[in-house]
Amino acid sequence: MEDVIVLNIKFKFGDTEDVIHPVILRDDSEMILVDCGYTGFMPVIEEAIKKEGMDYRKLTKILITHHDHDHMGSLADFKQKYPNIKIVASEIEAPYIEGSKKSLRLEQAEALQETLDEDKKAFGKAFCDILKSVKPVKVDIKVNDGDVMDWCGGCEIVGTPGHTPGHISLFIRNKKIIITGDAAVLENNLLVIANPQFTLDLDNAEKSISKIKGYDADTYICYHGGVYKR
Ligand SMILES: [Zn+2]
């Protein structure tokens, strides 16, 4: 059995409705969650997994594509409730997830804060506070670009720096599926760079999106935007 299941996590921030798409990779020995939502999202993710007919208590690993709060916000909660779950991330991204290096997104937000007009400062500060509230978690398994894990019959770690320096995407070979993380988002049925204005290294982000488009894949699962078929 090899399965790739896309979750639809719908939520509201104020009046804005939004949806994110964590993914479950499942085979005979693994049940891996790829990215785990904002802080406080564990219960809704558990519920979404259950709705798909799976038992979330059987999760073996959580892979984090990068250290942004919408991808790792609930990681500490999962690790605390299910200590046997192994946390997987790239070697470059691990220090930011573990908190031994300061979140680059927080550094960026704090630098931006200096430049904001007075009326936007409260919003900027609230965003910084959200980023500061993300709890660090130790990474158990560090991976690198080109590593091939035995998950689902062969899952390649694709280094896709740009959005953050250690960002990774996944290529599930047997199924020709790429899980993009934020290396690409789906907008108007096009794969595009996520929030270019907040991308830490736009040159690398452009190289990374070209890299994943160059794979022999027919399905791209975007955390923001959902499933793209070509
Ligand atoms: Zn994101």
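Start by selecting helix α1, residues 42-51, and pick out its buried residues: M42, I45, A48 and I49. Look down the axis of α1: these buried residues fall within an arc of 125 degrees, so they line one face of the helix. What you are viewing is a predicted model.

Keep α1 on screen and turn to the face pointing away from its buried side. The exposed residues there are P43, E47, K50 and K51. After α1 comes G53, which has a positive phi near 80 degrees.

Next, select G37. This glycine sits in the loop between β5 (31-34) and α1. Is G37 buried or exposed? G37 is buried, because 27 other C-beta atoms lie within 10 Å, and the cut-off for a buried residue is 20 or more.

Which residues does G37 touch, leaving aside neighbours within four places in sequence? Select I9, I20, P22, I45, D70, G73 and S74 to see these contacts. I45 has already come up on this tour, as one of the buried residues of α1.

**The whole chain**

The secondary structure consists of 7 helices and 16 strands. Along the principal axes, the C-alpha trace spans about 55 × 40 × 35 Å. For 230 residues, a compact globule would have a radius of gyration near 17 Å, and the chain agrees with that, at 17 Å.

If you colour the chain by burial, 39% of the 230 residues count as buried. Contacts can be sorted by separation in sequence. Taking those between residues at least 6 apart, 63% join residues at least 24 apart.

Now show helix α5 (residues 104-115) together with helix α6 (residues 118-132). How do the two pack? Their axes are 10 Å apart and form an angle of about 165 degrees. That angle makes α5 roughly antiparallel to α6, since angles over 145 degrees count as such. The crossing of α5 past α6 is left-handed.

To see the contact itself, display these side chains:

- from α5: R105, L106, A109, E110, L112 and Q113;
- from α6: K121, G124, K125, F127, C128, L131 and K132.

Move on to C152, in the loop between β9 (148-149) and β10 (155-159). C152 is buried, as 22 other C-beta atoms lie within 10 Å. Check the backbone here too: the phi of C152 is positive, near 50 degrees, in a residue other than glycine.

Follow the chain past β10 to G162, which is in the loop between β10 and β11 (168-172). G162 is buried as well, with 24 other C-beta atoms within 10 Å. What is in contact with G162, apart from neighbours within four places in sequence? Select H167, T199, D201, L202, N204, A205 and S208. For a further distance, pick H224: its C-alpha atom is 16 Å from that of G162, and the two residues are 62 apart along the chain.

**Two exposed loop residues: N188 and N189**

For the last stop, select N188, in the loop between β13 (185-187) and β14 (190-192). N189 is found in that loop between β13 and β14 too. Are they buried or exposed? N188 counts as exposed because 6 C-beta neighbours lie inside 10 Å. N189 also counts as exposed, with 9 C-beta neighbours inside 10 Å.

N189 is not a glycine, yet has a positive phi of about 60 degrees. Finish by drawing a line from N188 to G225: the C-alpha atoms are 8.9 Å apart, and the residues are 37 apart in sequence.

Methods
Residues are numbered from 1 along each chain as its sequence is written. This is a predicted model: local features need pLDDT of at least 70, side-chain atom pairs count only at pLDDT 80 or more; totals for chains, interfaces and linings use all residues. A residue is buried if 20 or more other C-beta atoms lie within 10 Å of its own, exposed if 12 or fewer, and partly exposed in between; C-beta atoms are placed from the backbone. Helices (H or I, at least four residues) and strands (E, at least two) are DSSP runs, numbered from the N terminus. The arc is that of the directions from the helix axis to the C-beta atoms. The radius of gyration is taken over C-alpha atoms; the globule rule is 2.2 Å times the number of residues to the power 0.38. Two residues are in contact if their C-beta atoms, placed from the backbone, lie within 7 Å. Axes are lines fitted to C-alpha atoms, for helices over the stretch in contact, and angles run from 0 to 180 degrees between N-to-C directions. Angles under 35 degrees count as roughly parallel, over 145 as roughly antiparallel, 65 to 115 as roughly perpendicular and the rest as oblique. A crossing is left-handed if the near helix is turned anticlockwise from the far one by less than a right angle, and right-handed if clockwise.
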